Amino acid sequence: MNNFNRTFCLILMVLIQACASDPQEKKVGSEKDVLPLSREELADKVKGMLVGSAIGDAMGAPTEMWSREAIQMEYGWVDNLDSMVREVSPEGIWKVNLPAGGTTDDTRWKKLVFEYLENQDDLELNPREFSLHIIREYEKYFEDFKSLKPEEMEALEYANLRVFWLQEWYKVSLSVRENDLMAYQQALGKFYGGEMVCAGLLYSPAIGLRYPGQPEKAYEQAYRLSLYDIGYAKDISALSAAMTAAAMTAKGDKTKLLDVLRSVDPESFFTSRLVGRSSYRALQTALSIAGAVNTGTSLEKDFSGGSSSRENAMKLAFPLLDQHLQDMPFHAGEIHLQVLTAMLVSDFDFEDSLTFLVNYGRDNDTTAAILGAILGAFYGYEKLPDTMKNQVLTVNKSLLDIDLNVLAEKQTSHIQSLYYWPE
């Protein structure tokens with residue numbers, strides 16, 4: 001047998017052995033990681049994050065950007081879903097007079113990111129692919145104008161809302177697509193006013209779902225996709241993904257959520273010269289507010305008058321939070337502090353935490369959507385309040401063309417395909 005034949009036979013034997021080997025064994029420790037959740041648990045956590053976020057969004061939507069005084073005057077103490085008597089806007093509602101359970105851009109962003117993630121077959125996410133997804137979505141919306149006539153005013157208004165929603169994101173995404181650093185810097189500097197706004201916080205919890213029990217991995221990937229954030233807003237966005245990832249496997253241990261804020265720092269914000277880690281200072285502030293409220297040493301004013309002890313505690317915390325307001329309500333640092341304070345004062349209770357944020361005001365649909373996402377992943381869909389979750393599922397599907405059930409099922413199936421389950 002000549003050298004060529006011997007080599008050919010050897011290669012053939014190797015190929016035969018590879019084909020005959022157990023395909024499950026090839027996955028272990030090499031191609032796929034083992035997922036620390038059962039299929040049922042994963043489905044419950046994914047749907048919990050999505051629907052929990054939608055509940056928070058729906059609770060805050062009627063009074064988005066309102067002051068506490070205005071909320072109290074028109075709605076009293078808000079602890080449930082309510083209808084939306086407000087104008088349409090690109091970032092707000094797209095249909096007037098939505099019934100209780102309707103949502104805003106906070107839920108639309110979860111849908112958009114879920115649809116992006118469904119086409120990503122690698123746990124390593126590509127920032128350029130994310131920007132291309134936003135470009136395609138924007139240009140799809142823009143196509144509507146080509147078939148509309150001037151007299152179709154309602155359809156034109158709807159087309160305008162969709163285009164204006166993604167317009168600033170589109171400008172930044174174009175420069176990413178073209179790898180144009182100067183254009184990226186200029187577009188980003190004017191994005192939503194150019195301050196450290198909550199761009200990534202609108203979608204980062206959805207990224208955290210792909211990495212159950214891996215908060216550092218979730219942070220890394222969300223940080224890569226925080227293309228629309230500036231400064232420490234990138235850190236805060238990534239931390240929301242990390243907290244979601246930790247929540248999925250926390251098994252009721254609340255300390256695992258707070259541990260993320262202390263131990264997960266792949267970008268070394270703790271060693272940042274001069275600035276340090278702003279997100280951690282927010283945690284310290286939230287802890288001090290919760291401590292002051294719990295011990296009753298911050299204020300002596302009696303807020304009782306028939307109110308519950310939880311409501312009284314929240315009202316004691318509100319003026320303490322007021323001392324840390326930023327120039328605009330959708331500033332990432334302000335939102336981060338409010339979310340953490342609501343969790344701590346309400347002892348991580350899902351409904352109480354949302355009630356805290358909605359009654360506090362400011363950008364309360366976004367703060368409640370972020371908190372609802374993290375605690376939704378923590379508790380799971382089955383433990384969310386039945387009336388609320390059924391309401392948002394129904395209204396979003398029937399009136400807003402957002403089928404939260406289908407989105408959750410597709411995302412769960414896709415995440416399953418990325419991991420290995422030992423039999």
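1. A nonpolar core is a set of buried Ala, Val, Leu, Ile, Met, Phe, Trp, Tyr and Cys residues joined through side-chain atoms within 4.5 Å. Buried means under 20% relative accessible area, exposed over 50%, and partly exposed in between (1.4 Å probe, protein chains only). The largest nonpolar core here has 137 residues. Trp109, Val113, Phe130, Trp169, Tyr228, Phe356 and Leu404 touch the most other members. The largest share of this core comes from α12, with 12 residues. In soluble globular proteins, nonpolar side chains tend to be buried together.

2. On the source: this is a predicted model, in which local features need pLDDT of at least 70, side-chain atom pairs count only at pLDDT 80 or more, and totals for chains, interfaces and linings use all residues. Residues are numbered from 1 along each chain as its sequence is written, and side-chain values use heavy atoms, with hydrogens and water left out.

3. Overall make-up. The protein has 20 helices and 2 strands. Both are DSSP runs numbered from the N terminus: helices are H or I of at least four residues, strands are E of at least two. Of the 423 residues, 53% are buried. The accessible surface comes to about 19,000 Å². Carbon and sulfur atoms hold 52% of that surface. Accessible areas come from the Shrake-Rupley method with a 1.4 Å probe; for residues, only the protein chains shown count as cover.

4. Contacts along the chain. Contact means heavy atoms within 4.5 Å. Take the contacts between residues at least 6 apart in sequence: 72% of them join residues at least 24 apart.

5. Phe356, from the core. This residue is among those that touch the most other core members. Which residues does Phe356 contact, leaving aside its neighbours within four places in sequence? They are Met314, Ala317, Phe318, Leu321, Gln338, Thr341, Ala342, Val345 and Ser346.

6. A pocket is an open set of points on a 1 Å grid over the protein atoms alone, with protein on both sides within 12 Å along at least five of seven lines. A cavity is a set of points where a 1.4 Å probe fits but cannot get out. Lining residues have an atom within 4 Å of a point. Grid points are joined across faces, edges and corners, and a volume is the space filled by probe spheres set on the points. About 350 Å³ of space lies in the largest pocket. Its lining has 17 residues, and Trp94, Lys111, Tyr141, Tyr158 and Leu400 lie nearest the centre. Two or more lining residues come from each of α5 (105-117), α6 (127-142), α8 and α19 (386-400). α5 gives the most, with 4. By class, the lining has 8 nonpolar, 1 polar and 8 charged residues. Here Ala, Val, Leu, Ile, Met, Phe, Trp, Tyr, Cys and Pro count as nonpolar, Asp, Glu, Lys and Arg as charged, and the others, Gly among them, as polar.

7. The cavity. The structure holds 1 cavity of 30 Å³ or more. The largest cavity has a volume of about 70 Å³. Among its lining residues are Leu201, Ser240, His336 and Ile374. α12 (232-248), α16 (332-345) and α18 (364-379) each supply at least two lining residues. α16 gives the most, with 5. The lining has 9 nonpolar, 2 polar and no charged residues.

8. Two positive phi values. Most residues other than glycine have a negative phi. Met65 has a phi near 70°. Met65 lies in the loop between α3 (39-60) and α4 (68-75), and is partly exposed because its relative accessibility is 36%. Phe348 has a phi near 65°. Its loop runs between α16 and α17 (350-360). Is Phe348 buried or exposed? Phe348 is buried, because its relative accessible area is 5%.

9. Val88. This residue sits in the loop between α4 and α5. Its relative accessible area is 19%, so Val88 counts as buried. Beyond neighbours within four places in sequence, Val88 is in contact with Ile93, Trp94, Lys95, Val96, Glu157 and Leu161. Trp94 also lines the largest pocket. Val88 and Thr104 are 16 residues apart in sequence, and their C-alpha atoms are 9.7 Å apart.

10. Asn179. The loop between α8 (153-177) and α9 (181-189) holds Asn179. Asn179 counts as exposed because its relative accessibility is 71%. Its C-alpha atom is separated by 9.0 Å from that of Arg128, 51 residues apart along the chain.
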